[in-house]
Amino acid sequence: MKKCVVVSALLLMVIFFTACTTSPDKLPSDIGDFAVYEVSPHNLTETFATENRTYGAFYDDVSLEDASFPKSRVFVIKSQRDMEKIFSDEIDQSTIDYRSEMYVLYTFTTVYRREFLIDSSSVTKEGIVINYSLKSPDSDVPLGDAARPFQRFVLIKMNRVDVENITFIYSD
């Protein structure tokens, strides 16, 4: 009888430990190293680019002033199918491991082509928050380094995290 109780207790402990370590609520405290890539709109499918424009950017010399369009958009890419919906050119998928990594396409209206910097990130049950900035120009860049508002695309490679909501926060 004693053996049965001990075995049952051990079995319950194993089940409890397994459930705790595989729980979807258990999220990493950070999402690892990032790789940031600039993406040209010419590398996107025409349908995707047209359907996902951003407010205030210029398209064919006309500013998009329809307030129903957001100033930024986020797309989580977790599979080859996701990638093919967005990108028009052939992408070498042989180096992508969708089980351990994912990509996030962040697009926003801006006037700067400055380097995109990820300052910090955090993971919560609600999703991932990425704080970013644009690198300040060197002292030899003249004032007025801004351009006409345009839609910019940034692709970020990170460790896979099973969340759907990703928020970008710009800090000056």
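Trainee: Which element gives the largest share of the lining of the largest pocket?

Mentor: This is a predicted model, and its largest pocket has a volume of about 450 Å³. The lining has 16 residues, with Pro41, His42, Tyr59, Gln151 and Phe153 nearest the centre of the pocket. Strand S1 (35-39), H2, S2 and S8 each supply at least two residues of that lining. The largest share, 4 residues, is supplied by S8.

Trainee: Is Thr54 buried or exposed?

Mentor: Thr54 is placed in the loop between helix H2 (46-51) and strand S2 (58-59). Leaving aside residues up to four places away in sequence, its contacts include Tyr59, Phe69, Thr107, Phe108 and Gln151. The cut-off for a buried residue is under 20% relative accessible area. Because Thr54 has 0% relative accessibility, Thr54 counts as buried.

Trainee: With which residue does the side chain of Thr54 make a polar contact of 2.6 Å?

Mentor: Among the residues that Thr54 touches, not counting those up to four places away in sequence, are Lys71, Ser72, Thr109 and Gln151. The polar contact of 2.6 Å between side chains joins Thr54 to Thr109.

Trainee: How many of the 8 residues of strand S7 (residues 127-134) are buried?

Mentor: Strand S7 pairs with strand S6 (residues 116-124) in the antiparallel sense over 8 bridges, and the two strands form a hairpin with 2 residues between them. S7 also pairs with strand S9 (residues 166-170), in the parallel sense and over 5 bridges. S7 is largely enclosed by the rest of the structure, because the number of its 8 residues that are buried is 6.

Trainee: In S9, which residue is the bridge partner of Ile130?

Mentor: The pairing of S7 with S9 is parallel and runs over 5 bridges, whereas S6 and S7 pair in the antiparallel sense. In S9, the bridge partner of Ile130 is Phe168.

Trainee: How many residues does the largest nonpolar core have?

Mentor: Nonpolar side chains tend to be buried together in soluble globular proteins. In the largest nonpolar core, the residues with the most contacts inside it are Met102, Phe116, Ile128, Met158, Ile166 and Phe168, and the core has 18 residues.

Definitions and conventions: Residues are numbered from 1 along each chain as its sequence is written. This is a predicted model: local features need pLDDT of at least 70, side-chain atom pairs count only at pLDDT 80 or more; totals for chains, interfaces and linings use all residues. Side-chain values use heavy atoms; hydrogens and water are left out. Buried means under 20% relative accessible area, exposed over 50%, partly exposed in between (1.4 Å probe, protein chains only). Two strands pair if DSSP finds at least two bridges between them. A nonpolar core is a set of buried Ala, Val, Leu, Ile, Met, Phe, Trp, Tyr and Cys residues joined through side-chain atoms within 4.5 Å. A polar contact is a pair of N or O atoms within 3.5 Å; within protein, one must be able to donate a hydrogen and the other to accept it, and residues adjacent in sequence count only if both atoms are side-chain atoms. Contact means heavy atoms within 4.5 Å. On a 1 Å grid over the protein atoms alone, a cavity is a set of points where a 1.4 Å probe fits but cannot get out, and a pocket is an open set with protein on both sides within 12 Å along at least five of seven lines; lining residues have an atom within 4 Å of a point. Grid points are joined across faces, edges and corners, and a volume is the space filled by probe spheres set on the points.
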